Structures are given as C-alpha cells and as structure tokens.
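The sequence and the model are shown first.

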Amino acid sequence: MNHQPVDATTATSFLPMVSVVVPIYNGEADLPDLLNCLLSQTYPKDRVEYLLVDNNSSDRTLTILKTSAENCPITIYPLSQNQIQSSYAARNTGIRAASGEIIVFTDADCRPQPQWLNSLIPPFVKKEVAIVAGEILALPGTTLLEQYADRQETLSQKHTLDHSFRPYGQTANLAIRRIALEKAGLFRPYLTTGGDADICWRILGENIGRLEFSANAIVQHRHRATLQELQSQWRRYGRSNRYLHELHGVDLMREITPKECGYRLVRWLLKEIPRDIKKALTQPALLYETLREPQSDTVSLSNCSVTTAGIASQVTLVDLLNTPIGLFTARARAAGQRDAKLPENAKIIDRL
C-alpha cells in the first residue's frame, strides 16, 4: 500500500470517466440524502455516471430511482437485480452496465462529501494503482452505542488497511480500475459478507496493481444505534472472517473464553469503574486550578471554552461502559464466526 501524494497539476488534468455503483435494498428513506450528496460532487458532471441498483426492494426505491433519473441534472441509471439477494450481485449488475474507466462503490446509507470523487480519483494517474480506498467517518450520533463506535472508530478504513493478511478497502468507499476487474473477476454474487476483502485480495494477489489510501476522500456513515443492530453488525464481521478463512486461508479469530470474560468484568467493576469515577470527581478541581493559574496553554472565557493539557478528558458513560460493550461485540463476532459456513455457491466468481 502506498500513500505518496499526487502532483497537483497532474491530478487536475487527469479526469477519467467514472462510474459510481450503489446497491440499494429498501433504501427509500436514505435516497433523498444520498442523491443530495451525489448532486454536490465537485467532480465534473460530464465525467461521471451513477448506477443505482435496486436489489429487489419491497418499498418505493425503484420508483424513486426512476423519477430521479428523469429529473436530475446528473447522469443516473436506475437498474435492478432481482435474481440474487446480495449487495455483491447488485454491484456486479452496476459494473456490467458501467462505461467508466474507474468503478467507484459506496452504499445507500453513506453520505459522500462534496470532494469525495475529486480526492478518490487522482491516485489512478499512476498506472500501477489498481485500487483506491477513501476514509469512512461517522455521522454525528446521539446514542450511547453510536458514541462508543465513534470512539472506537469502528468504521474507519484504518482497520482494514492494516489487516494482517493483506490490506483491503470497504465497499462503502472504494474505487477499482475497470481493467483490474476484467482480469481478476467481479464480486462473488452469492457471498453475503466479506466480498470487499475478497475482491481486493484477488487483485493484489494476482499482482494486477497496488492499493492506495486517500484520506481526503471522505464518506460518512451512521453507526448502529441499538444493541440488536450492534450484535448483527459484529456477527456479520465474524461470518466474514469465517468465509475469508475458507476462501483465502486467513487466521480465525481467537474466541474469548467465559473465564476471560468473567475476569474482565470483575476487573471492570473493581478497578476501572472506581478509577473513572475518581477521575470524574477530580475534574472540577483541575478546572478551577487551571482557570486560577493558567500555564502555557490557552484559556478562553469569551466563548466559555477552556483548552489545557492540565484538565483530564471528560469521563462519560461511554468510558464507564467501554469494557462490557467491548465484550458484547467480541462475543457477537465469535458467535458469527463459529456458526457460519460458506455456501458452496459463494465460491462462484462472476466475470465481465
């Protein structure tokens, strides 16, 4: 993986045709915000097409897509994939209809920022680059679980780019050169999770090209807000690891034993909670001392804000519950990995 900057002059003149593929399943509520984000893209409108693929939705998704295609100032192609219920099959439908040299992927519940494409495409000026991954940041969240995930940077590409087997980018913010897809094949249409790692690893494993990260190509995504959603997310991560173990031989994650889980909960109750409560109780005193005798840091009372290294970071409910939530997600991931079995048809790779 490479992070070398692209020359600004070269990047400005490099404007390949881009095809953005978005799989959508029951996305009626997400479409207004998604379409606004696509409309706000600063990449030249005549150099990009948007292929929005309905994946057998039961709501008004396809109707909205068709209406948007007729009335939008950007090029939208509403497509359907009704044979296979899989986001990867829907993406393959979009790829087959695409005319761009670069194929870009995001999801219906993502919010690409205006400079997204302008930042994601320039690394492809280097012929050896086959894949570019952009960053995924969280939309503002209000619930405890959203704040926890934000603190952990759960969605960030930094986790997948540092994978011990090979780096990969998540399809929430990923671009692949079309010729790489012609050589390595498309997504596995019957795979239900792990397809982003699989397609990146096939391209990298065949030495078709390398992967770069573009930190300024930002897509925002909302964290899970309920325990049920969080459990489903982490079970899916576990299933993904099992599938990738069977497809690529990656190591399975070690499960946390009940004994380890119990030990960490006792440690949390007897050590971590008292520590965090003590820290919270000392913060008013630290704040008073800082305001009374400011040192080298900046103190501003005009807007009721204080910036100083002398004040401990605010202890929140997220801090207090960090350990049990972490154990909950670890157990959910372990269950997903333990219960999953790769379907035989998930080994099929679509071809252009």
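A residue counts as buried under 20% relative accessible area, as exposed over 50%, and as partly exposed in between. The model discussed here is predicted. Val266 has a relative accessible area of 45%, so it is classed as partly exposed. This residue is found in helix H11, which covers residues 258-292.

**The chain as a whole**

The protein chain has 352 residues, and 47% of them count as buried. Its secondary structure comprises 13 helices and ten strands. The accessible surface of the chain is about 17,400 Å², with 51% of this belonging to carbon and sulfur atoms. Of the contacts between residues at least 6 apart in sequence, 81% join residues that are at least 24 apart.

**The sheet**

Eight strands make up an open sheet with mixed pairing, in the order E3-E2-E1-E4-E7-E6-E8-E5. Strand E3 (75-80) and strand E5 (110-112) are the edge strands, each pairing on one side only. On average, neighbouring strands of this sheet are turned by 30 degrees against each other, direction ignored. Strands of a sheet pair through backbone hydrogen bonds, in either a parallel or an antiparallel sense.

| Strand pair | Sense | Bridges |
|---|---|---|
| E1 (residues 18-24) and E4 (residues 102-105) | parallel | four |
| E4 and E7 | antiparallel | four |
| E6 and E7 | antiparallel | three |

Val18 stands opposite Ile102 in E4. Val104 has Ala175 in E7 as its bridge partner, and Ala133 is partnered by Leu174, also in E7.

**Strand E7 and its cover**

Which residues of E7 lie on each side, and are they buried or exposed? Leu174 and Ile176 are on one side, Ala175 and Arg177 are on the other, and all are buried, so that both faces of E7 are covered. In a regular strand, side chains alternate between the two faces of the sheet.

Key. Residues numbered from 1 in each chain as written. Predicted model: local features only at pLDDT ≥ 70, side-chain atom pairs only at ≥ 80, totals over all residues. Heavy atoms only, no water. Helix = DSSP H or I, 4+ residues; strand = E, 2+ residues; numbered from the N terminus. Buried < 20%, exposed > 50% of the residue type's maximum accessible area, 1.4 Å probe, protein only. Pairing = 2+ DSSP bridges. Axes fitted to C-alpha atoms, helices over the stretch in contact; angles between N-to-C directions. Contact = heavy atoms within 4.5 Å. Areas by Shrake-Rupley, 256 points an atom, 1.4 Å probe, with all protein chains shown as cover.
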